[in-house]
Each structure stands twice: as structure tokens, then as C-alpha cells.
Amino acid sequence: MNEKVIELVAVNKWYDKFHVLKDINLSVFAGEKVIICGPSGSGKSTLIRCVNRLEEHQEGSIVVRGVTLGHDTKNIEKIRGDVGMVFQQFNLFPHLTILDNCTLAPTWVRKLPKKDAEQLAMEYLKKVKIEDQAKKFPGQLSGGQQQRAAIARALCMEPKIMLFDEPTSALDPEMIKEVLDVMIDLAKGGMTMIVVSHEMAFAKEVADRVIFMDEGRIVEEKETKEFFANPENERTKLFLSQILG
Amino acid sequence: MIINFIQWSKKSLFSNWWNSLITLFCIYLLFLIIPPFINWAILDATFSGKLKTDCTAGGACWVFIRVWFEKLMYGFYPVENIWRINLSFIIFIGTIGLSFFVREKYKLYILFFLIFIFPFIAFILIRGGFGLTIVETREWGGLALTFILAIFGIILSFPLGVLLAMGRRSEMPIIKYFCICFIETWRGIPLITVLFAAAVMFPLLLPSGTLVDKLLRVAIGIAIFESAYVAEVVRGGLQSLPRGQYDAAKSIGMGYWQMNFFIVLPQAIKTVIPGITNTFIALLKDTPLIYLIGMAEILGIVNMAKANPYWLGMAVEGYVFAAIIFGVVSFILSSYSQKLEKKFSTENK
């Protein structure tokens, strides 16, 4: 078996009184692709935001690549550099060109020389097929192009793990495919991925495991084929029947 | 052209009876004000001569401004050294002018020069030292002093205000509450109190023998006072930034300072350019208050000159002159800020 790169044990999280994550146990191995689905408000996004500590958990332990996340974690930036993240709303930096969006972190966080950073950025922009947009500002691009730029920006840190937080939910239907194609390429390249998504076709194609969450709990966790063929939990069945139509 | 004007005025000035009435009333007001002012300021005015007695035409006596011009501009700064003040301002204006022509990446160096290096150059030039004769700050005055205080205030209060705004949003309680107290205290005090405290009270609190230059005390007082206002304006900009920008910056591994320097502040400050300009124009127009603590900036000189036995009653000319100068400088500041706004708004589209 591959090495464990992410391990969550009995993680609990509250927003004030609201109990958003309840006893989450989850392990992800190197190279694995895990899809998390579930109704909105079920804690999916919060869960993956805990993995790079954009959110803090209150109980349990989260270990990422051998480092336990907590208040006293040193070099949280270093861990975040190893864990790329793609957001629902793209969150590109609107005041910088696409190229600058991509070179910023390599130049200042990884301290690469400017030339190398630009070369690296162009390489990844080519990979997501928007190298001809490099000099434009995010506002001049379509949603699908922006999301692909955001993926390239994350990849420029050469992360070991990629987190996707509903990457296609804010996109028009005709743009979803271009983003999913990029993600499929990435998956086939062996990247460890956790994807919060309702794109079941995508899940069937690339996922090793599918997790269904409801009300802050993981209610079902199965290998992809099993998950779609024999869902056990009632809520999973209901959800699948609604989403697959 | 004329037909266009008639059409335009029909549409905009005389579209119905009350608009026509207001238009006519405004024309009447302009008729009341402008011709007498032109008569006074230009047609009946005296421009040449050396003494008040040369002004016999009944209009403005611009001779007064001509005779006192050097004092109005430089106060009691020694005449033979005035070139040092001029040189400082030429460097300042020149650097800003240069920033219009150079490439984007050099602008940061220009900003760095203006904030960290220029103040020292200007200080040495104007005050002396390094071979230049020392001119004590009490001899500084006139419009130059107004500008020195305003520029020093802007250069110092801007970074300080930004830091305070960031501190007020800090997650560390000590820093956060310190910044809140600091900002609210300084905003709660009138500027005139700050000036009197800096000029009169502060020396009493120092151990005897310690001497901090009065102008320096006042300048720092003004800068800190303004920084509290800048902080609140900048905070507004920080709050308008969506959380996603912070998330994205953190997710690519940026630390607190990198995130603020590259992502948060550039965007936040762009959105608050109108507010910051507002603060700076207010700062420029606040500086004449130092006349009340005995510093001879331009209004101080006007007041002194009109009390001169040979020039009694020349107040109006002096005030009109000062008003025109403040008007022009404020106008330049606000057009520059509009230019910046326009530039940034096109950049993001």
C-alpha cells in the first residue's frame, strides 16, 4: 500500500454552537483520488478547508504528510505550499495578470528566480490550455478559463496534494467540461486529489473512492464502483437518485 | 455650434418653468458676483509699484503680494539659501513627474525613494549640515512650510495608517486593542489640541535639557493625527475585500506579510483612493492651523504683513492669494487621484 498522506482521526469542528464536522475519520493515500459529495451544508467544504488549515478544527487530529496541524504548527505556509487548492469562485487575484497570478507564489514563497518562475507558469498554463491568455487580467477571461488559470496557479507551487472545492459549481454548463478535462488529465498524471463535487460522471471516471457526507458526518465511504452499484445508506440512495435523475 | 448650444440649454437649463427659474436666478447671482470681482481683481487693480501709496485705482493692491512675495513663499528663510528649498521641491515634483513616464516596475522604486530617501535629502537640504549652513526651523515659514508639513504628514501618515488599519483587524488581541485605542483616541482629539500639546505641553513632560525641535514635534503630531483617519479609510477598503482573496493567498503558501503586501493592500488601497485623497486634501488645508502656535506659514505671514504699519488693511489681497494657492493645489491633488482611479479601474477590466 502507498504511504498515507492525509489522516484525519475523530475530527470535530464547531462554528460557535453549530457542530459542522462530527467525528470525521478519513485517510488518503498518495496518488489516491477521493470524491466527496453530499447535500449543501453537510460540511464537505469545511472538511477540505481543514486539510490546509484555512479552517481550524477543535478536536481530533489532522496529519498532513507527517505534520500534525494545530495552533503550534510551525511553517503552516510550507504545508499549504504542498497542498494546492482550487475554489468554487476561482479567487484569482484580479489586480494581477494571469501570468503574475501564477508566478507570485513561486517567486516569493518558493524563492525561484523570476525567469524560472515564468517558465514554470507558462508550462502549467500550456497544460491547462490557456497559455495565450497569460498577459490578460482575470476579468477578461471566461469562467472556465479563470478556473483553469486557478488550477495552473495552484500547480505552480508543485503541490503533492490538490484540493478542489466544488470547482465547477459556479460555471456555465458548456464550460464545465473544459475544467473537468484538465482535472482528469491531472488525475491521470498521478496527483493525490480530494474533490468536493457533484459531477458523478467525473467521479466514475477518475475516483478511487467516493465519500457521502450528511449533516457533518461521513455516512458512506466506498470504492467508486461499489458506491454507485450498492449504496447502503438511505440518504445516499436518495441523493444519488436525485442527482443521477 | 451655436445651434448645439441652444439645443443643449433648452434640454438642460430650461426644460420646465422651475428649472428656468433656477437658471435665471443663478445667472443673476453670477452677474452680481463676477463683474465686481473682475473689476476689483483685474481692471481696477494696481500691479506695479513699491508702496501701498502706489495703489490709487481703488481695486486690489497686488503690489502687496509682489513686495511680500518672498516672505509669503519662504517665511524668514535666509534669502541666499532659498535655492535649497527650491531644489527640494524641484526634486519632489520631478520625481512625481518622472513616474508618469517610466515603466510600471520602476514605479515601486520611485515610491520607495519618495517615502524613505527623499525626506532625508529634503531635510538636509532645507535644514543644512554636511557643509550647508544650518537654518534653524524657526526661520522656516511661508507656503514652503505649509508644503513641508503637508508632504511630511502625507508621507508618514500613509504607511502608519495602513499599519494601524491592519493592526485593527489583527487576530492578536493585544495588537488589535492597542490599535483600536490608538485610532479612537487620536480621532477623538481636535487637531488644535494636538498642536498645542506638541508645541507647549510636550516639552514640559520631557526631562529638562532634552530638546526636540518644535517643528518636528508639530509635524509628528499632525502625521499621527492624520494616520488615525487614514487607518479608518484603509480599513474600509480591507473590509470590502472578499474572503476568497485571503483564502487563495493562504492556499498558495503566502505568509501574513506577503499576503498583505501583494494581495490585500494593493486591492484595498485602490478602492479607497477617493477617501485617502479626501484625507490628504483635508490635511493640506489643516496645516495653516499651525499659525495659532506661532509658526509663520503662509496665512501667518499674511496676518503679520497686514499688521505692518506700511501695509495696514491688506488682508483681502493676502487671503485671496492664499485661497487661490490652496484651491489650485487641492485641485491638482484631486485630479491626480481621479487619474489614478481611472487607470486602476481600466486595469481590472
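**Helix packing and the chain interface**

In chain B of this predicted model, helix α8 (residues 191–205) and helix α9 (residues 214–240) have axes that come within 9 Å and cross at roughly 145°. Axes here are lines fitted to C-alpha atoms, for helices over the stretch in contact, and angles run from 0 to 180 degrees between N-to-C directions. Helices (H or I, at least four residues) and strands (E, at least two) are DSSP runs, numbered from the N terminus. The crossing of α8(B) and α9(B) is right-handed; a crossing is left-handed if the near helix is turned anticlockwise from the far one by less than a right angle, and right-handed if clockwise. On the α8(B) side, the residues that make the contact include B:Leu191, B:Val194, B:Leu195 and B:Phe202, and α9(B) contributes, among others, B:Arg217, B:Val218, B:Ile222 and B:Phe225. Contact means heavy atoms within 4.5 Å. By class, this contact has 10 nonpolar, 1 polar and 2 charged residues, where Ala, Val, Leu, Ile, Met, Phe, Trp, Tyr, Cys and Pro count as nonpolar, Asp, Glu, Lys and Arg as charged, and the others, Gly among them, as polar.

Helix α9(B) also packs against helix α11 (residues 256–271) of chain B, at an angle of about 115° and with the axes 8 Å apart. This crossing, too, is right-handed. Here B:Gly237, B:Leu238 and B:Ser240 of α9(B) meet B:Val264, B:Leu265, B:Ala268 and B:Thr271 of α11(B). The residues of this contact divide into 4 nonpolar, 3 polar and no charged. Chain B as a whole has 14 helices and 0 strands, and its C-alpha atoms fill a box of roughly 75 × 70 × 40 Å along the principal axes.

Now to the interface. In all, 26 residues of chain A are in contact with 21 residues of chain B. The two chains bury about 2,000 Å² between them, 60% of it on carbon and sulfur atoms; buried area is the accessible area (1.4 Å probe) that two parts lose on being put together, summed over both. In chain A, the residues that lose the most area to chain B are A:Arg80, A:Phe93 and A:His95, together 27% of what that side buries.

The rule finds 2 salt bridges across the interface, a salt bridge being a side-chain nitrogen of Lys or Arg within 4 Å of a carboxyl oxygen of Asp or Glu. The side chains of A:Arg49 and B:Asp247 form a salt bridge at 2.9 Å, N to O.

Residues are numbered from 1 along each chain as its sequence is written, and chains are lettered from A in the order in which they are written. Local features need pLDDT of at least 70, side-chain atom pairs count only at pLDDT 80 or more, and totals for chains, interfaces and linings use all residues; side-chain values use heavy atoms, with hydrogens and water left out.
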